[in-house]
Amino acid sequence: MSSSTLPPIIYSQPTLDRASRALGCAPFTVTLFAAMRSQGISLNAIAGSSGVEKNYTQHPLLELSAESNLIWLIQVGLLRREVDGQGITDSFRLTPLGHQLVKQWEMQGESFSSVSWCDRIANAAHRWLRLPI
């Protein structure tokens, strides 16, 4: 069976909710994640004015801030770091969960769901306390 004919992974509703909340709280645009569907995107392309120029962010992010947010999305299960023959690179790609959520938003023609203040607080608490997810 090729990867294109495999059935999609079924995620629990709490996993989908947590991932949606994390995406909604992240400082990135749908454009970034749509680009990550087909290729790895380097940290340098996301941070600073480059991220704004490519419509990956709405405002320039410091490299440390961009990386911290990307690492959180790795921990939530939406992203992974790319690996080459030398080891881990500074590029990021979507995981199957990330593909599923980005496809869902693209089909709906929407940007990320707006998140409430309660969602922002919950995301920040999970992120700060590193609660089991």
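Author: Let's start at leucine 78, which sits in the loop between helix 5 (63-76) and strand 2 (79-84). Helices (H or I, at least four residues) and strands (E, at least two) are DSSP runs, numbered from the N terminus. Before going on, please note that this is a predicted model, in which local features need pLDDT of at least 70 and side-chain atom pairs count only at pLDDT 80 or more, while totals for chains, interfaces and linings use all residues. Residues are numbered from 1 along each chain as its sequence is written, and side-chain values use heavy atoms, with hydrogens and water left out.

Is leucine 78 buried or exposed? Leucine 78 counts as buried because its relative accessibility is 1%; buried means under 20% relative accessible area, exposed over 50%, and partly exposed in between, with a 1.4 Å probe and protein chains only. Leaving aside residues up to four places away in sequence, leucine 78 touches Ala19, Leu23, Leu73, Arg93, Leu94, Thr95, Leu97, Gly98 and Leu101. A contact here means heavy atoms within 4.5 Å. Take Arg93 from that list: leucine 78 and arginine 93 are 15 residues apart in sequence, and their C-alpha atoms are 8.6 Å apart in space.

Arginine 93 leads us to the strands. It belongs to strand 3, where it is the bridge partner of arginine 80. Strand 2 and strand 3 (residues 87-94) pair in the antiparallel sense over five bridges, and two strands count as paired if DSSP finds at least two bridges between them. With two residues between them, strand 2 and strand 3 form a hairpin. Strand 3 has another partner too: two bridges join it to strand 1, and these strands run antiparallel. One of the residues involved is isoleucine 41, whose bridge partner in strand 3 is phenylalanine 92. Put together, three strands form an open sheet in the order 1-3-2, with antiparallel pairing. Strand 1 (41-42) and strand 2 are the edge strands, each pairing on one side only.

Helix 5 lies across strand 2 and strand 3, running at about 100° to strand 2. Axes are lines fitted to C-alpha atoms, for helices over the stretch in contact, and angles run from 0 to 180 degrees between N-to-C directions. Helix 5 also meets helix 7 (residues 117-129): their axes come within 11 Å and cross at roughly 90°. That makes helix 5 roughly perpendicular to helix 7; angles under 35 degrees count as roughly parallel, over 145 as roughly antiparallel, 65 to 115 as roughly perpendicular and the rest as oblique. Ser68, Asn69 and Trp72 of helix 5 make the contact with Asn123, His126 and Arg127 of helix 7.

Helix 7 meets helix 1 (residues 13-25) as well, with axes that come within 10 Å and cross at roughly 100°. Helix 1 and helix 7 are therefore roughly perpendicular to each other. From helix 1, Arg21, Ala22, Gly24 and Cys25 meet Asp119, Arg120, Ala122, Asn123 and His126 in helix 7.

At 9% relative accessibility, asparagine 123 counts as buried. Not counting residues up to four places away in sequence, asparagine 123 touches Arg21, Ala22, Cys25 and Trp72.

Asparagine 55 counts as partly exposed because its relative accessibility is 40%. Although it is not a glycine, asparagine 55 has a positive phi of about 60°.

Finally, step back to the whole protein. There are seven helices and three strands, and along the sequence they follow the pattern α-α-β-α-α-α-β-β-α-α. Of the 133 residues, 36% count as buried. Among contacts between residues at least 6 apart in sequence, 61% join residues at least 24 apart.
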